[in-house]
Amino acid sequence: MAMRNLLVYIGRQYDPIRARDLDKLEGTGLNAITLEVGLGSDKFRYDDTRHNNSIVDFCINGVESFFREYAKSDFQPWVWVGLPHYEATHGTINYERHLYKYYRNYIDGVRESLESIGRWEDVRGFYYSMETVHPVYEKISETSPTSNSSVRLMNDISYYIRDLDDHYGNEFMWCPYYGFNENKLKIIHNLGVVANRTNIFDYILIQPSYYFQPSEKENVNAVLDSVTNEYLDQDGEIVDLDGDPVAGCLLHNRNA
């Protein structure tokens, strides 16, 4: 069954979601909700332990508050829990490995919190909220993508989430944008390498960028070709603007 997933923003700058809001979604055909945990300008920084720990606590509390309302609603689809953002600054990008422990603490805290209120079983998996590979001005290696610190962080989090024996066995989802502006081709390349050459994500939902960047009309067809081209695998693979598979490699065990 196709995923019909609604992105729901929760956090400091948003009105709280109430059970009555969720009730209105009953019968709409939606079968999943993804929580985007927002803190305005507050994001993980590689060099600020106190700040990062406060983000972990705030986001866990926000997720629990959502699920307390979710429990009162008649509309209870699968939920994907979003991971907090990190700052896309030069310093943080170069030291992303230092952020892994905060993501791990967040994932553990979400599970502990939701188990305490009996809602952990409603979680389908986690959503990686960073929408591109950093830095956007560099192309990552096709043969060793995890040599890039951004991809390595994705991979480490994925292993922690999806390891059945030691951790959770949940699934991992990403919603990157296809690329625009002066780094467009590099962004597309990096998205394609992660999608076509790694098993990091179970689901990749591609944003064509057109709706926020109307000049990028060609992206719409490229994204369509990535999932429907009859000459490609039925699960899809990311193609470039010429319609060719990025990095020329296809994986068969994830959905695009």
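Predicted model: local features only at pLDDT ≥ 70, side-chain atom pairs only at ≥ 80, totals over all residues.

Q: How many aromatic pairs does a search of the whole structure find?
A: The search finds 17, a pair being Phe, Tyr or Trp rings (six-membered ring for Trp) with centres within 6.5 Å; planes under 30 degrees apart are stacked, over 60 edge-to-face, the rest tilted.

Q: Which class do Trp120 and Tyr168 fall in, and why?
A: Their ring centres are 5.7 Å apart and their planes are at 65°, so the pair is edge-to-face.

Q: Are Trp120 and Tyr168 buried or exposed?
A: Both are buried, meaning under 20% relative accessible area, where exposed is over 50% and partly exposed in between (1.4 Å probe, protein chains only).

Q: Which residues form the aromatic cluster?
A: Tyr100, Trp120, Phe126, Tyr160 and Tyr168 form one cluster.

Q: Switching topic: what lies over the face of Trp78?
A: Arg124 does, at 5.7 Å from the ring centre; the criterion is NZ of Lys or CZ of Arg within 6 Å of the ring centre and within 35 degrees of the ring normal.

Q: And how many disulfides?
A: The structure holds 0, with a disulfide taken as two cysteine sulfur atoms within 2.5 Å. For Cys59, the nearest cysteine sulfur belongs to Cys175, 17 Å away.

Q: What is the relative accessible area of Cys59?
A: Cys59 is at 0% and buried; Cys175 is also buried, at 14%.

Methods: Residues numbered from 1 in each chain as written. Heavy atoms only, no water.
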